[in-house]
Amino acid sequence: MTTNESAEDLVPTSNDRSFLMGPMLRDLAVLTLISIPLQLIATDLSLGAVVAGLAALYALCVAGLVITKYAPFYLPSVAWISLVGIVLTLPFMPWFEWFNGLVVGIDFLALAVPPLAYAGLAISDLELNVMRRSGWKILVIATLVFTGTYVGSAAIAEFMLWLTS
Amino acid sequence: MEALKTLVRLWPIHLIVLVTSVVAQFIGVRAIPIGIGTILLLPLLFVFVFTLLLNPNVIKPIGRVLSTKRVAAASPLIVIAIMPFIAKFGTTIGPSIEEVVEAGPALLLQELGNLGTILLAFPVAIWVFRMGRESIGAVHSIAREPNIAIIADRYGLRSPEGTGVMGVYVMGTLFGTFVFAIIASLLATNGVFSVDALAMACGVGSGSMMAACSGALAEAVPGSTDSITALAGASNLLTYATGMYVSLFIALPLVERMYLRIRPDDPENPRARTTEEPVR
């Protein structure tokens, strides 16, 4: 990983499938280990149940990554991982009770903590420079952009739910 | 051998993440009631602030103990760290598949709500802040990775449009989770929209923003966690699939046309194009 020098370096290149499986699975394992204490704090699960649940999620991620690498067409790895998670927990699957039982108790909010921790560390000089150069006006615009898409989507969803109910 | 080296190089980062995450998780969810609703502060927001304050790029003196080169290695780990979270979301959609399918029409059409990025932000950018063509890049989408790629491809990132999209990208990276946690908790506690609608709106195509948004909803409306995560997850997955096309074929041509209509004489406007010519 070199340091970022220009705006082009900020463009993420994660959405290709040339990643190396070995290091990826190793990092994923380390991150899964970090989640163990977080789940113990966030839930009432036993250590064994937490480890089993996180192991099941790890397996889902591995399956999603393998598909990302070898599928005939490209979808981001997060999309494949979601799809594998959906398919494996469909209620009519023979293993539903067993598999859903493993993951159902895992707290999703606690799983979102490590990514944000890495994100805070990953903020680079370049990003801070962009922020300073853009100034508070872009911050206001960004806030309006996010509010607009959220309220816009919620309004349409609300209308459609009302229409179809 | 190489693997061992990487682990040794990365351990300070992992250690910081472990410690700050545990502290944030112990703090838990904090509610701040304000007049129009309640703002929920989540562990994921706390931890982001903690690691920002330990980031040598942000707080210079930290550089003496933790080099900027070392923390640069945290960047590729974000995507990997979000994977178990995304996997968990997938496993909440499966069991609720009937509910998700029932909500199908609402789920599909609310994707068009992503055009709402333009609704509030464009008028303010143009008429209040008098911004130029950077407003096109800034408001056409929520400026996540696929949207940057679109702008980079069409205008280049050193163009005014590129400046706009990068500005919102960086602000989103820094403040997006806070903005979503705040709007979601306010709207959930003041009862304007139903929880199902708010949950669907959470799927904006960014893992961390969806986490903040659906986390705030789940805390505000305890007992509905399963349907909130299922609907938010399904909507987010849909956005991964459709977001880029909405932004490429609808949002961007729309903003481009609106801009050319309002500022036909901007010397920065592409010369070959006129308002009459369809913008590809």
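What share of the contacts in chain B with a separation of 6 or more comes from residues 24 or more positions apart? Such residues account for 69% of these contacts, two residues being in contact if their C-beta atoms, placed from the backbone, lie within 7 Å.

The model is predicted: local features need pLDDT of at least 70, side-chain atom pairs count only at pLDDT 80 or more, and totals for chains, interfaces and linings use all residues. Residues are numbered from 1 along each chain as its sequence is written, while chains are lettered from A and ligands numbered from 1 in the order in which they are written.

**Figure 1. Overall form of chain B.** Chain B holds 13 helices and 2 strands; these are DSSP runs numbered from the N terminus, helices being H or I of at least four residues and strands E of at least two. The C-alpha trace spans about 60 × 50 × 45 Å along its principal axes. Of the 280 residues of chain B, 54% count as buried. A residue is buried if 20 or more other C-beta atoms lie within 10 Å of its own, exposed if 12 or fewer, and partly exposed in between, with C-beta atoms placed from the backbone.

**Figure 2. Confidence along chain B.** The mean pLDDT of chain B is 86, and 94% of the residues score at least 70; pLDDT is the predictor's confidence in each residue, from 0 to 100. Confidence is lowest in strand β2 (residues 37-41) of chain B, at a mean of 79, and highest in helix α11 (residues 195-201) of chain B, at 93. For the complex, the predictor gives an ipTM of 0.87 and a pTM of 0.82.

**Figure 3. The contact of chain B with chain A.** Chain B contributes 110 residues and chain A contributes 93 residues. Helix α4 (residues 75-93) of chain B supplies the largest share of the chain B side, 18 residues.

**Figure 4. Two residues with positive phi.** B:R130, not a glycine, has a positive phi of about 50 degrees and sits in the loop between α7 (116-128) and α8 (134-139) of chain B. B:R130 counts as exposed because it has 9 C-beta neighbours inside 10 Å. B:A143, also other than glycine, has a positive phi near 55 degrees and lies in the loop between α8 and α9 (145-154) of chain B. B:A143 counts as buried, with 29 C-beta neighbours inside 10 Å.
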